[in-house]
Amino acid sequence: RDVDEEAGSTKEEGGVEEKDDDEYRFGYHDGNTYTLQGFRKMANEWKEAHFERTLKKTSEDDVEEEYWRIVSTPETRVEVEYGSELHTTQHGSGFPTHGNALNPLDSKTTSTYCRSGWNLNNLNECTLLRFVKEDIPGIISPWLYMGMCFSSFCWHNEDHFLYSINYLWEGEPKQWYGVSGDQADLFEA
């Protein structure tokens, strides 16, 4: 289920607004609206309940093994939440910027991080994309994603076959899988 800022809701409890959805639907859908703290609380409680032990007693290997068990047994139903493609000009990126009132880090506009090439908001300033004068979300301005244990993003080629860069602000390790370009046809088969 997808966490979406625009989703309608019927009930609020513990930092989450819950949607009524008694019918199971496969794939990505509008879901609950969370605060960052509410999402973290929900994700941690879900993980502890799934593994039936505390977070500290669940290793990366435990998560990896369970993930592939779930993927390889399609009759197993596991529902997780994932906030995808949140526009950073609306929700903030975690990196300081110049002049975005939604970004609490903007009060420090003198920070060297505002101008850093490693700041994802500035990354295109050192590429040919600096000549694109229109905001193309996910290409010119970064997207923000919120994930929890077993959140997955579909295997895909990046938009326009451009490179991708990601930054994990907080939380548990994120596992990446990649396929080299010369193996793409074999992977797609």
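W155 is partly exposed, with a relative accessible area of 46% (partly exposed sits between buried, under 20%, and exposed, over 50%, using a 1.4 Å probe and protein chains only). Before you go on: the model is predicted, so local features need pLDDT of at least 70 and side-chain atom pairs need 80 or more, while totals for chains, interfaces and linings use all residues. Residues are numbered from 1 along each chain as its sequence is written, and side-chain values use heavy atoms, with hydrogens and water left out.

**Exercise 1.** Classify the aromatic pair formed by W155 and F187.

Step 1: recall the rule. Rings of Phe, Tyr and Trp (its six-membered ring) pair if their centres lie within 6.5 Å; planes under 30 degrees apart are stacked, over 60 edge-to-face, the rest tilted.

Step 2: apply it. W155 and F187 are 4.8 Å apart centre to centre with 45° between the planes, which is tilted.

Step 3: W155 lies in the loop between β6 and α5 (184-188) and F187 in helix α5, so the pair ties together parts 32 residues apart in sequence. Helices here are DSSP runs of H or I with at least four residues, strands are runs of E with at least two, and both are numbered from the N terminus.

Step 4: check F187, which is partly exposed at 38%.

Step 5: zoom out. Both rings belong to a cluster linked by ring pairs, along with W46, F51, Y67, W68, F150 and Y177.

**Exercise 2.** Work out how β5 and β6 pair.

Step 1: strands pair if DSSP finds at least two bridges between them. β5 and β6 have three, in the antiparallel sense.

Step 2: Five of the six residues in β5 (residues 82-87) are buried, leaving the strand mostly covered.
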